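Colleague: Could you take me through this model one residue and one element at a time, giving the cut-offs for each term as it comes up?

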Amino acid sequence: PGQSRAILNQDVPAAIDASQAKNIAQAKLWSIYQERSSAQLHGLRAARPVKPGAFVSWDESGDIWLVRNWEWNNGTIALGLSKAGDGLPNSEGPADTGRPVKELDALAGNTRLSLVDLPFAVDAPIEVSDSPKLYAAAAGGLGWRNAELFIVGADGVTNEPIGQISAPATMGMVPEALASSGLHIIDRKNKLLVQMQDGKMILNDADKAQLLAGNNLAAIGQEIVQFGSATSIGDNRYIVSYLLRGLGGTEGEMDGHVADEDFILLQADDLTAIDPRYYVPFQSVTIAALGRGDDVPISRSIDQPGRALKPWSPVHSRYAFNQDGDLEISWTRRSRAGLMWLDNVETPLAEETERYRLLINGQILAETGVPVAVLSAIELQAYRDAGASNLSCEVRQIGRYNISDPLSFVVEI
């Protein structure tokens, strides 16, 4: 057991059935086990010489020993012995010849490659990340199996290999742009047509408990969603509906969809993580894949990967004028650790310090460590004197690695 185990592979050029093969293997195993017993035999020099490789027996037990080596020493001969196997009876019980692994005889086709910049690790979505989480997903025809990954330099030259995609992802294409759901995170209005890459890729429904457990998580373009309903309409096509939109702080992507975007089911076993040492966070990177059906590498680029390190934008802007005429602006912070919404528990900050930047009409007005800022009545009057009737406000959270997208709103003065 443990470290004492050993595996021995030995080719045998023979046409034999499973029972014969089992007997040979067990006899070899028993022989190796027996050889663990060793002995040294000393005899007179005048005795009959014995060469290494010979078999000897010297007592009434009848045990057979294999001569491993010998040595002349002061008129005697010393034989180094190991116990030889005494043979095994035929193994009892049936033996199985095994079954062949039948792969579909189909063309691999061209590789379809997609890069996904996630705001969390796909295998640990509720944990705060301290490194970017860039993944490669790929598929092809029915016979597609895997592809090598390469980094592409700034000069467009495919450089060193950086890994391998070992299995096709469940992915497809969205022929028509996904419409916005407005302010609604639960989107009951939009229905999405998804053309899957091949017929082996299947989408399933998920009830509310399954959605809460993280099932049916997908990337549509740059937006992260979940879907509760997937109805097959034939020809590898599905109608996907009951969408949970803008997950993981991606609500800013809800209004930016275009036709023919990638659809990728986010499953840990289907995605290949790109080691952060091959790219710089928040700088563009190009990755290439080469499968057995590709004449040349297939490359894809992504701008500014590093969502997992970027703070989420604040939400729920509020403002009010106090009795002194000052303007009080407040908001609600969010956190990269906020993917799970736990009742009665404050979401961890996930940054070294809590810090916000407030811009009014494009100019930085203040940086504060609390989710509130105050403009005095004198400052407000200066805006009014300059002809302003409202203020365009932006609030961003300042994180350890980057600054968040803005929370934008207008204040009438």
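Colleague: Where is the place of K191 in the chain?
Modeller: This is a predicted model, in which local features need pLDDT of at least 70 and side-chain atom pairs count only at pLDDT 80 or more, while totals for chains, interfaces and linings use all residues. Residues are numbered from 1 along each chain as its sequence is written, and side-chain values use heavy atoms, with hydrogens and water left out. Strands here are DSSP runs of E with at least two residues, helices are runs of H or I with at least four, and both are numbered from the N terminus. On that basis, K191 is in the loop between strand 10 (186–187) and strand 11 (192–196).

Colleague: Is K191 buried or exposed, and which residues is K191 in contact with beyond its neighbours within four places in sequence?
Modeller: The relative accessible area of K191 is 60%, so K191 counts as exposed, given that exposed means over 50%, buried under 20% and partly exposed in between, with a 1.4 Å probe and protein chains only. Contact means heavy atoms within 4.5 Å, and, once neighbours within four places in sequence are set aside, the contacts of K191 are I239, V240 and S241.

Colleague: Which residues is L247 in contact with, leaving aside its neighbours within four places in sequence?
Modeller: L247 is found in strand 14, and its relative accessible area is 18%, so L247 is buried. Across 62 residues of chain, the C-alpha atoms of L247 and I185 are separated by 8.5 Å. The contacts of L247, with those neighbours left aside, are L217, I224, V225 and Q226.

Colleague: What is the phi of D260, which is not a glycine?
Modeller: D260 is found in the loop that runs between strand 14 (237–247) and strand 15 (261–265). Although D260 is not a glycine, its phi is positive, at about 65 degrees.

Colleague: What is the phi of A350, which is not a glycine either?
Modeller: A350 lies in the loop between strand 20 (327–332) and strand 21 (356–360). With 22% relative accessibility, A350 counts as partly exposed. The phi of A350 is positive, at about 70 degrees.

Colleague: Which residue in the turn between strand 3 and strand 4 has a positive phi?
Modeller: Two strands pair if DSSP finds at least two bridges between them, and strand 3 runs antiparallel to strand 2 (residues 55–56), joined by two bridges, with V56 opposite W65. Strand 3 (residues 65–73) also pairs with strand 4 (residues 76–83) in the antiparallel sense over eight bridges, and N69 has G80 as its bridge partner. Strand 3 and strand 4 form a hairpin with two residues between them, and the turn residue with a positive phi, of about 50 degrees, is N74.

Colleague: Which residues form the covered face of strand 25?
Modeller: Strand 25 pairs with strand 24 (residues 390–397) in the antiparallel sense over six bridges, and N390 stands opposite E412. The uncovered face of strand 25 (residues 407–412) holds S408, V410 and E412, whereas the covered face is made up of L407, F409 and V411.

Colleague: What percentage of the 413 residues do buried residues make up?
Modeller: Among contacts with a separation of 6 or more, 62% are between residues 24 or more positions apart. Buried residues make up a share of the 413 residues that comes to 35%.
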